[in-house]
Amino acid sequence: MTAKGPFDLVRHMAEIFDDLGVKYALGGSLASSLLGEPRSTVDVDMAVALDVAAGEALLELLGATFYIPIEAARAAIREHSSFNVIETAHALKVDLFVLGDGLLDRNQIERRVLIPIPGAPNGIWISSAEDQVLRKLDWFRQGFPVSDRQWRDVVGILRIHAEAMDLDYLMATATEVGLAVNVLEALRESGYEST
(Lines give C-alpha, C1' and ligand atoms only; values in the text may rest on other atoms or scores of the structure.)
Protein backbone atom coordinates (compact mmCIF):
# COMPACT_ATOMS: atom_id res chain seq x y z
CA MET A 1 0.00 0.00 0.00
CA THR A 2 1.20 3.50 -0.78
CA ALA A 3 -1.17 5.73 1.18
CA LYS A 4 0.15 9.25 0.79
CA GLY A 5 -2.85 10.90 2.39
CA PRO A 6 -6.14 10.26 4.18
CA PHE A 7 -8.16 9.47 1.04
CA ASP A 8 -5.57 6.95 -0.15
CA LEU A 9 -5.89 5.33 3.25
CA VAL A 10 -9.70 5.33 3.05
CA ARG A 11 -9.58 3.62 -0.35
CA HIS A 12 -7.18 1.01 0.98
CA MET A 13 -9.25 0.32 4.09
CA ALA A 14 -12.45 0.14 2.01
CA GLU A 15 -10.86 -2.53 -0.22
CA ILE A 16 -9.87 -4.56 2.84
CA PHE A 17 -13.34 -4.32 4.39
CA ASP A 18 -14.96 -5.21 1.07
CA ASP A 19 -12.65 -8.22 0.64
CA LEU A 20 -13.53 -9.43 4.15
CA GLY A 21 -17.24 -8.76 3.72
CA VAL A 22 -17.16 -6.36 6.68
CA LYS A 23 -19.72 -3.55 6.71
CA TYR A 24 -18.17 -0.15 7.37
CA ALA A 25 -18.96 3.54 7.09
CA LEU A 26 -16.56 6.44 6.83
CA GLY A 27 -17.29 8.97 9.55
CA GLY A 28 -15.49 11.74 11.39
CA SER A 29 -13.77 14.69 9.76
CA LEU A 30 -13.49 13.20 6.29
CA ALA A 31 -17.19 12.36 6.14
CA SER A 32 -18.02 15.82 7.48
CA SER A 33 -15.79 17.37 4.84
CA LEU A 34 -17.53 15.40 2.09
CA LEU A 35 -20.96 16.33 3.46
CA GLY A 36 -20.34 19.80 4.86
CA GLU A 37 -17.56 22.32 5.10
CA PRO A 38 -14.11 20.97 4.28
CA ARG A 39 -11.51 20.96 7.03
CA SER A 40 -8.14 19.36 7.46
CA THR A 41 -7.65 16.17 9.39
CA VAL A 42 -4.76 13.98 10.42
CA ASP A 43 -6.63 10.71 10.76
CA VAL A 44 -9.43 8.58 9.35
CA ASP A 45 -12.48 7.54 11.38
CA MET A 46 -14.40 4.46 10.29
CA ALA A 47 -17.29 2.66 11.93
CA VAL A 48 -17.13 -1.11 11.46
CA ALA A 49 -19.43 -4.03 12.19
CA LEU A 50 -16.95 -6.62 13.44
CA ASP A 51 -17.43 -9.87 15.25
CA VAL A 52 -14.45 -11.65 16.81
CA ALA A 53 -13.73 -13.85 13.76
CA ALA A 54 -13.86 -10.95 11.30
CA GLY A 55 -11.81 -8.88 13.73
CA GLU A 56 -9.05 -11.49 13.83
CA ALA A 57 -9.04 -11.71 10.02
CA LEU A 58 -8.79 -7.91 9.82
CA LEU A 59 -5.93 -7.73 12.31
CA GLU A 60 -4.04 -10.42 10.41
CA LEU A 61 -4.45 -8.58 7.10
CA LEU A 62 -3.43 -5.23 8.56
CA GLY A 63 -0.46 -6.66 10.46
CA ALA A 64 1.92 -6.48 7.50
CA THR A 65 1.66 -2.71 6.95
CA PHE A 66 0.11 -1.28 10.12
CA TYR A 67 1.19 -0.91 13.70
CA ILE A 68 -1.61 -2.46 15.76
CA PRO A 69 -1.87 -2.55 19.56
CA ILE A 70 -3.14 -6.14 19.32
CA GLU A 71 -4.52 -6.64 22.83
CA ALA A 72 -6.24 -3.24 22.84
CA ALA A 73 -7.69 -4.01 19.40
CA ARG A 74 -9.00 -7.40 20.51
CA ALA A 75 -10.55 -5.87 23.63
CA ALA A 76 -12.21 -3.14 21.53
CA ILE A 77 -13.65 -5.72 19.17
CA ARG A 78 -15.08 -7.75 22.07
CA GLU A 79 -16.39 -4.69 23.91
CA HIS A 80 -17.63 -2.71 20.89
CA SER A 81 -15.38 0.26 21.58
CA SER A 82 -12.60 1.79 19.50
CA PHE A 83 -8.98 1.22 18.63
CA ASN A 84 -6.53 2.66 16.16
CA VAL A 85 -4.08 1.31 13.66
CA ILE A 86 -1.20 3.26 12.14
CA GLU A 87 0.01 2.76 8.58
CA THR A 88 3.74 2.48 9.15
CA ALA A 89 5.10 3.85 5.84
CA HIS A 90 3.50 7.29 6.23
CA ALA A 91 2.35 7.27 9.89
CA LEU A 92 -1.29 7.69 8.93
CA LYS A 93 -3.80 6.73 11.62
CA VAL A 94 -7.17 5.03 11.30
CA ASP A 95 -9.54 5.10 14.27
CA LEU A 96 -11.87 2.10 14.08
CA PHE A 97 -15.14 2.33 16.01
CA VAL A 98 -16.55 -1.16 16.51
CA LEU A 99 -20.31 -0.88 16.39
CA GLY A 100 -22.61 -2.50 18.90
CA ASP A 101 -26.37 -2.92 19.12
CA GLY A 102 -27.34 0.65 20.07
CA LEU A 103 -29.73 2.61 17.87
CA LEU A 104 -27.09 5.03 16.55
CA ASP A 105 -24.74 2.11 15.82
CA ARG A 106 -27.38 0.09 13.97
CA ASN A 107 -28.60 3.05 11.96
CA GLN A 108 -25.12 4.18 11.00
CA ILE A 109 -24.56 0.90 9.14
CA GLU A 110 -28.11 0.29 7.91
CA ARG A 111 -28.43 3.81 6.47
CA ARG A 112 -24.92 4.27 5.08
CA VAL A 113 -24.58 5.64 1.55
CA LEU A 114 -22.27 4.43 -1.22
CA ILE A 115 -20.45 7.32 -2.90
CA PRO A 116 -18.00 7.35 -5.80
CA ILE A 117 -14.42 8.27 -4.97
CA PRO A 118 -11.68 8.49 -7.63
CA GLY A 119 -9.44 5.43 -7.44
CA ALA A 120 -12.03 3.35 -5.55
CA PRO A 121 -13.75 1.19 -8.20
CA ASN A 122 -16.46 0.06 -5.76
CA GLY A 123 -16.89 3.51 -4.19
CA ILE A 124 -16.85 3.91 -0.42
CA TRP A 125 -19.56 3.69 2.19
CA ILE A 126 -20.12 6.84 4.19
CA SER A 127 -22.43 7.63 7.08
CA SER A 128 -25.60 9.34 5.86
CA ALA A 129 -25.82 13.07 6.52
CA GLU A 130 -28.53 12.49 9.14
CA ASP A 131 -26.50 9.85 10.97
CA GLN A 132 -23.34 11.94 10.77
CA VAL A 133 -25.26 14.80 12.45
CA LEU A 134 -26.54 12.47 15.18
CA ARG A 135 -23.11 10.94 15.80
CA LYS A 136 -21.39 14.29 16.03
CA LEU A 137 -24.10 15.68 18.33
CA ASP A 138 -23.66 12.63 20.55
CA TRP A 139 -19.91 13.33 20.73
CA PHE A 140 -20.67 17.00 21.39
CA ARG A 141 -23.07 16.09 24.20
CA GLN A 142 -20.42 13.87 25.78
CA GLY A 143 -18.13 16.91 25.95
CA PHE A 144 -15.07 15.49 24.27
CA PRO A 145 -12.16 17.93 23.90
CA VAL A 146 -13.08 18.52 20.26
CA SER A 147 -16.74 19.26 21.02
CA ASP A 148 -16.66 22.75 19.45
CA ARG A 149 -15.33 21.21 16.25
CA GLN A 150 -18.13 18.61 16.37
CA TRP A 151 -20.69 21.39 16.64
CA ARG A 152 -19.17 23.30 13.71
CA ASP A 153 -19.23 20.12 11.62
CA VAL A 154 -22.92 19.55 12.43
CA VAL A 155 -23.86 23.12 11.51
CA GLY A 156 -21.85 22.84 8.27
CA ILE A 157 -23.58 19.60 7.26
CA LEU A 158 -27.00 21.09 8.02
CA ARG A 159 -26.20 24.32 6.20
CA ILE A 160 -25.51 22.35 3.02
CA HIS A 161 -27.85 19.35 3.30
CA ALA A 162 -30.83 20.20 5.55
CA GLU A 163 -33.18 20.79 2.60
CA ALA A 164 -32.45 17.29 1.23
CA MET A 165 -32.36 15.46 4.57
CA ASP A 166 -34.99 13.16 6.01
CA LEU A 167 -35.81 15.54 8.84
CA ASP A 168 -38.58 13.27 10.14
CA TYR A 169 -36.03 10.50 10.66
CA LEU A 170 -33.51 12.94 12.11
CA MET A 171 -35.95 14.36 14.66
CA ALA A 172 -37.50 10.98 15.58
CA THR A 173 -34.11 9.42 16.20
CA ALA A 174 -32.81 12.52 17.99
CA THR A 175 -35.84 12.41 20.28
CA GLU A 176 -35.30 8.72 21.01
CA VAL A 177 -31.65 9.23 21.98
CA GLY A 178 -32.12 12.55 23.80
CA LEU A 179 -30.66 14.86 21.15
CA ALA A 180 -33.78 16.68 19.91
CA VAL A 181 -32.90 20.00 21.58
CA ASN A 182 -29.42 19.84 20.07
CA VAL A 183 -30.77 19.12 16.58
CA LEU A 184 -33.23 22.02 16.77
CA GLU A 185 -30.49 24.41 17.93
CA ALA A 186 -28.12 23.24 15.19
CA LEU A 187 -30.85 23.63 12.54
CA ARG A 188 -31.51 27.18 13.80
CA GLU A 189 -27.81 28.06 13.76
CA SER A 190 -27.42 26.63 10.25
CA GLY A 191 -30.06 29.04 8.97
CA TYR A 192 -32.51 26.30 8.03
CA GLU A 193 -36.09 27.47 7.94
CA SER A 194 -38.83 24.85 7.78
CA THR A 195 -41.67 25.54 5.39
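Predicted model: local features only at pLDDT ≥ 70, side-chain atom pairs only at ≥ 80, totals over all residues.

Trainee: How are α6 and α8 oriented to each other, roughly parallel or roughly antiparallel?

Mentor: Helix α6, residues 129-142, packs against helix α8, residues 167-176, with the axes 10 Å apart and at an angle of about 25 degrees. Angles under 35 degrees count as roughly parallel. The crossing of the two helices is right-handed, and their orientation is therefore roughly parallel.

Trainee: Where do the buried residues of α9 fall, seen down the axis of the helix?

Mentor: In α9, which spans residues 180-190, the buried residues are Ala-180, Asn-182, Val-183, Ala-186, Leu-187 and Ser-190. On the other side of the helix, Val-181 and Arg-188 are exposed. Seen down the axis of α9, the buried residues lie within an arc of 160 degrees, so they line one face of the helix.

Trainee: Which residue follows α9 with a positive phi?

Mentor: The phi of the residue that follows α9 is near 90 degrees. That residue is Gly-191.

Trainee: Is Asp-19 buried or exposed?

Mentor: Asp-19 is found in helix α1, residues 6-20, and its C-alpha atom is separated by 10.0 Å from that of Leu-58, 39 residues apart along the chain. Exposed means over 50% relative accessible area. The relative accessible area of Asp-19 is 69%, so the residue is exposed.

Key. Residues numbered from 1 in each chain as written. Heavy atoms only, no water. Axes fitted to C-alpha atoms, helices over the stretch in contact; angles between N-to-C directions. Helix = DSSP H or I, 4+ residues; strand = E, 2+ residues; numbered from the N terminus. Parallel < 35°, antiparallel > 145°, perpendicular 65-115°, else oblique. Left-handed = near helix turned anticlockwise from the far one by under 90°. Buried < 20%, exposed > 50% of the residue type's maximum accessible area, 1.4 Å probe, protein only. Arc of directions from axis to C-beta.
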